Amino acid sequence: MEQIDINISIESYQLDELSPQDQELVQAAIKATHNAYANYSRFYVGAALRLENGKMVIGANQENAAFPSGLCAERTAVFAAQANYPDSPIETLAIAGRNEKGVLPNPITPCGACRQVILEIEDRYKKPIKILLYGTQKIYCVRSVKDLLPLSFVDDNMR
Ligand code: THU
């Protein structure tokens, strides 16, 4: 028997410790929570990403009466980015969440399906995506989605 330990690395920041560019991205994610259509969950998620070409792309969760037809904020943002700028890798993605009490105090983390999608984008462009998980009390920063999805299933697993 061999035990395999997988270490993941998460940095925790206060807003003013982030670079001005990352602060701008986080602020855009918070603002984007107001673009959510979340009539069913009343949970409003905003995402903002910056591409290598400098463009910023915004996303917000979009729900539907036929529940599975909706989509998380993260995927609306990354799919829009890829549809509009397929030649520019994503450098950084910021996420914020808001409920009826306000913006969440603890960092919001992406769901498993979003992690899987972000992972394939990292693989596609061969570039890690920095992810900023916003909470009013602290902001978590992961250097790659691989830190959020160990032992992930990727294209190569099928070969
Ligand atoms: N949601 C997101 O948009 N991103 C997350 O990281 C977690 C969950 C959305 C999906 C759904 O519209 C609502 O939040 C409640 O799950």
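**Working through the model**

Q: Let's start with the hairpin: how many residues join strand 6 to strand 7?
A: The hairpin makes that link through 4 residues. Keep in mind as we go that this is a predicted model.

Q: Which residue in strand 7 stands opposite Tyr 13?
A: That's Ile 139. Strand 1 (residues 11-13) is joined to strand 7 (residues 139-142) by 3 bridges, and the two run antiparallel.

Q: Is Glu 74 buried or exposed?
A: Buried: its relative accessible area is 4%, and the cut-off for buried is under 20%.

Q: What is Glu 74 in contact with, leaving aside its neighbours within four places in sequence?
A: Val 45, Ala 47, Ile 95, Pro 110 and Cys 114.

Q: And the ligand, which residues are around that?
A: Glu 74 is on that list too, along with Ser 41, Phe 43, Val 45, Asn 61, Glu 63, Cys 72, Ala 73, Thr 109, Pro 110 and Cys 111.

Q: What distance separates a polar side-chain atom of Glu 74 from an oxygen atom of the ligand?
A: It's 2.6 Å. Two other side chains are worth a look here. Glu 63 has a side-chain N or O atom 2.5 Å from a ligand oxygen, and for Asn 61 the corresponding distance is 2.9 Å.

Q: Now the inside of the protein. Which residues of the largest nonpolar core touch the most other members?
A: Leu 49, Ile 90, Leu 93, Ile 95, Ile 121, Ile 129 and Ile 131, out of 26 residues in that core.

Q: Which elements supply at least two residues of this core?
A: Strand 2 (44-51), helix 2, strand 4 (90-99), helix 3 (112-125) and strand 6 each do. Helix 3 gives the largest share, 5 residues.

Q: You mentioned Ile 121. What does it touch, not counting residues up to four places away in sequence?
A: Val 78, Gln 82, Ile 90 and Ile 129.

Q: How many residues are in the second, separate core?
A: It has 13, and they include Ile 30, Leu 132, Ile 139 and Cys 141.

Q: Last topic, backbone. What about phi at Arg 42?
A: Arg 42 has a positive phi, about 55°, although it isn't a glycine.

Q: Where does Arg 42 lie?
A: In the loop between helix 1 (20-32) and strand 2. Arg 42 is partly exposed, with a relative accessible area of 46%.

Q: And Leu 151, where is that found?
A: In the segment after strand 7. Leu 151 also has a positive phi of about 55° without being a glycine.

Q: Is Leu 151 buried or exposed?
A: Exposed, at 80% relative accessible area.

Definitions and conventions: Residues are numbered from 1 along each chain as its sequence is written. This is a predicted model: local features need pLDDT of at least 70, side-chain atom pairs count only at pLDDT 80 or more; totals for chains, interfaces and linings use all residues. Side-chain values use heavy atoms; hydrogens and water are left out. Two strands pair if DSSP finds at least two bridges between them. Buried means under 20% relative accessible area, exposed over 50%, partly exposed in between (1.4 Å probe, protein chains only). Contact means heavy atoms within 4.5 Å. A nonpolar core is a set of buried Ala, Val, Leu, Ile, Met, Phe, Trp, Tyr and Cys residues joined through side-chain atoms within 4.5 Å. A residue is near a molecule or strand if one of its heavy atoms lies within 4 Å of it. A polar contact is a pair of N or O atoms within 3.5 Å; within protein, one must be able to donate a hydrogen and the other to accept it, and residues adjacent in sequence count only if both atoms are side-chain atoms.
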